[in-house]
Amino acid sequence: MAAASAATFTVGTAASPTQSGSLLPQSKPFALRFNSFKNFCGLKAASSVISQSESSFSGKETIAALRASFATKAQKVDQNLQHHLQPQASFKVAVLGAAGGIGQPLALLIKMSPLVSDLHLYDVANVKGVAADLSHCNTPSQVHAFTGASELANSLKGVNVVVIPAGVPRKPGMTRDDLFNINAGIVRDLVAAVADNCPDAFIHIISNPVNSTVPIAAEVLKQKGVYDPKKLFGVTTLDVVRANTFVAQRKNLKLIDVDVPVIGGHAGITILPLLSKTKPSVSFTDEEIEELTVRIQNAGTEVVEAKAGAGSATLSMAYAAARFVESSLRALDGDGDVYECSYVQSDLTELPFFASRVKIGRKGVEALISSDLQGLTEYEQKALEALKPELKASIEKGISFAQKQTVTA
């Protein structure tokens with residue numbers, strides 16, 4: 001979950017590539033450090049040792065000047081190594097709900113990924129302008145717009161990752177349950193289209209209430225005969241992003257090094273940050289544990305109230321979702337060291353769906369990390385037992401909804 005440390009470009013009198021692709025200087029080096037979007041979205045530094053001008057906000061001339069000034073010797077590194085380290089844009093990603101408050105910034109962040117070749121943007125209206133705007137960004141992926149139900153199927157053809165932020169946002173005084181009746185139907189219909197057109201794709205569910213919409217998606221896929229629990233993900237990354245941020249601020253830690261696993265669900269008390277598992281190891285007072293836990297659980301409400309009716313946590317959600325997309329793309333690209341927290345079908349507890357840290361590979365979830373649930377503090381164990389009834393009810397509500405509905409493509 002924690003993003004890898006920033007890529008370091010080391011320049012010395014001589015440099016030789018090791019098997020791992022790092023550059024080991026043979027005399028006193030100095031380092032030029034680039035902290036980019038990749039560092040905070042979960043990308044490993046190894047994938048960005050060679051800077052990509054195509055996926056940078058800087059133009060080719062700027063990057064070329066930096067290289068000429070700081071990396072004369074490093075430019076002599078074997079070209080085969082350079083090619084190996086450069087990520088190849090080869091994956092198609094679809095964003096369903098791309099014209100919305102989450103969809104637009106999310107699409108922008110995905111457009112920045114060097115792994116994306118095609119970005120499909122779907123919404124019921126206003127998506128053509130979003131696509132036109134994004135298409136001007138000088139990054140490798142091609143942007144395509146799809147509007148309305150008649151174009152939904154085409155938006156999903158050949159797609160590797162489908163991200164679903166579609167639905168109505170929270171408003172002041174609105175709980176995630178208040179969103180249920182509207183968003184449940186939207187997710188049902190979109191997932192049915194995914195089942196018909198790209199059943200092997202990774203499916204990322206953002207639409208709230210995630211505790212219920214993921215079980216709805218699972219039931220729809222079962223009804224369609226294409227359910228693969230390893231490829232269905234509830235995106236809970238925002239809870240991790242918030243936990244990392246709040247802990248780093250509270251304990252004056254370097255943010256990029258902080259990693260707090262968050263388990264359970266994605267609403268209120270079902271969100272359980274395991275502060276005792278924080279990396280690097282850090283101690284908390286009982287008061288700090290209580291305050292941090294409650295703030296992480298209620299952070300969405302904090303944003304809704306701050307925006308005073310003008311929206312919900314769209315920007316931070318887009319950031320977190322982009323991180324999870326990038327992690328999925330890395331896994332699909334063969335990276336064997338991809339871990340994120342996600343709400344998935346699980347046997348770690350008696351509940352059929354549960355958020356925990358998972359290992360992601362080319363075929364989806366490869367392992368549920370059970371060790372995070374071992375050795376919990378008394379506070380965490382009590383909170384885990386307290387969240388189960390609420391999470392169970394949300395899961396059952398989603399399953400019941402899906403089983404009562406007629407699936408429409």
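1. Some ground rules before the details: helices (H or I, at least four residues) and strands (E, at least two) are DSSP runs, numbered from the N terminus. This is a predicted model, where local features need pLDDT of at least 70 and side-chain atom pairs count only at pLDDT 80 or more, while totals for chains, interfaces and linings use all residues. Residues are numbered from 1 along each chain as its sequence is written, and side-chain values use heavy atoms, with hydrogens and water left out.

2. Now the overall picture. The protein chain has 13 helices and 15 strands. Of its 409 residues, 52% are buried (buried means under 20% relative accessible area, exposed over 50%, partly exposed in between, with a 1.4 Å probe and protein chains only). Take the contacts, meaning heavy atoms within 4.5 Å, between residues at least 6 apart in sequence: 70% of them join residues at least 24 apart.

3. Thr 270 is one to click on. You'll find Thr 270 in the loop between β11 (262–264) and β12 (271–273). Thr 270 counts as buried because its relative accessible area is 0%. Its side chain makes a polar contact of 3.2 Å with the side chain of Asn 211. For that term, the rule is a pair of N or O atoms within 3.5 Å; within protein, one must be able to donate a hydrogen and the other to accept it, and residues adjacent in sequence count only if both atoms are side-chain atoms. Setting aside neighbours within four places in sequence, the contacts of Thr 270 are Asn 211, Ile 263, Gly 264, Gly 265, Leu 387, Glu 390 and Leu 391.

4. On to the nonpolar cores, each a set of buried Ala, Val, Leu, Ile, Met, Phe, Trp, Tyr and Cys residues joined through side-chain atoms within 4.5 Å. The largest has 50 residues, and Leu 96, Leu 156, Val 162, Ile 164, Ile 205 and Leu 232 touch the most other members. At least two residues each come from β5 (91–96), α6 (152–156), β8 (161–164), α7 (180–197), β9 (202–205), α8 (210–224), β14 (353–361) and α13 (378–404). Helix α7 supplies the largest share, 9 residues. There is also a second, separate core of 43 residues, with Val 95, Leu 238, Ala 322 and Val 338 among its members.

5. Glu 219 is in helix α8, and with a relative accessible area of 10% Glu 219 is buried. Glu 219 and Ile 399 are 180 residues apart in sequence, yet their C-alpha atoms are 6.5 Å apart in space. Leaving out neighbours within four places in sequence, Glu 219 contacts Ile 399, Ala 402 and Gln 403. Gly 398 sits in helix α13 and is buried, at 0% relative accessible area. Gly 398 is 185 residues from Thr 213 in sequence, but 6.1 Å from it in space, C-alpha to C-alpha. Not counting residues up to four places away in sequence, Gly 398 touches Phe 180, Ser 212 and Ile 216.

6. Helix α4 (residues 103–111) is largely enclosed by the rest of the structure, because 7 of its 9 residues are buried. Those buried are Gly 103, Pro 105, Leu 106, Ala 107, Leu 109, Ile 110 and Lys 111.

7. On a 1 Å grid over the protein atoms alone, a cavity is a set of points where a 1.4 Å probe fits but cannot get out, and a pocket is an open set with protein on both sides within 12 Å along at least five of seven lines; lining residues have an atom within 4 Å of a point. Grid points are joined across faces, edges and corners, and a volume is the space filled by probe spheres set on the points. The largest pocket has a volume of about 640 Å³. Its lining has 37 residues, with Ile 102, Pro 165, Gly 167, Val 168 and Pro 169 nearest its centre. Helix α7 gives the most to that lining, 4 residues.

8. As for cavities, the whole structure has 2 of 30 Å³ or more. The largest cavity has a volume of about 40 Å³, and its lining includes Pro 199, Ile 203, Leu 221, Asp 228 and Leu 232.
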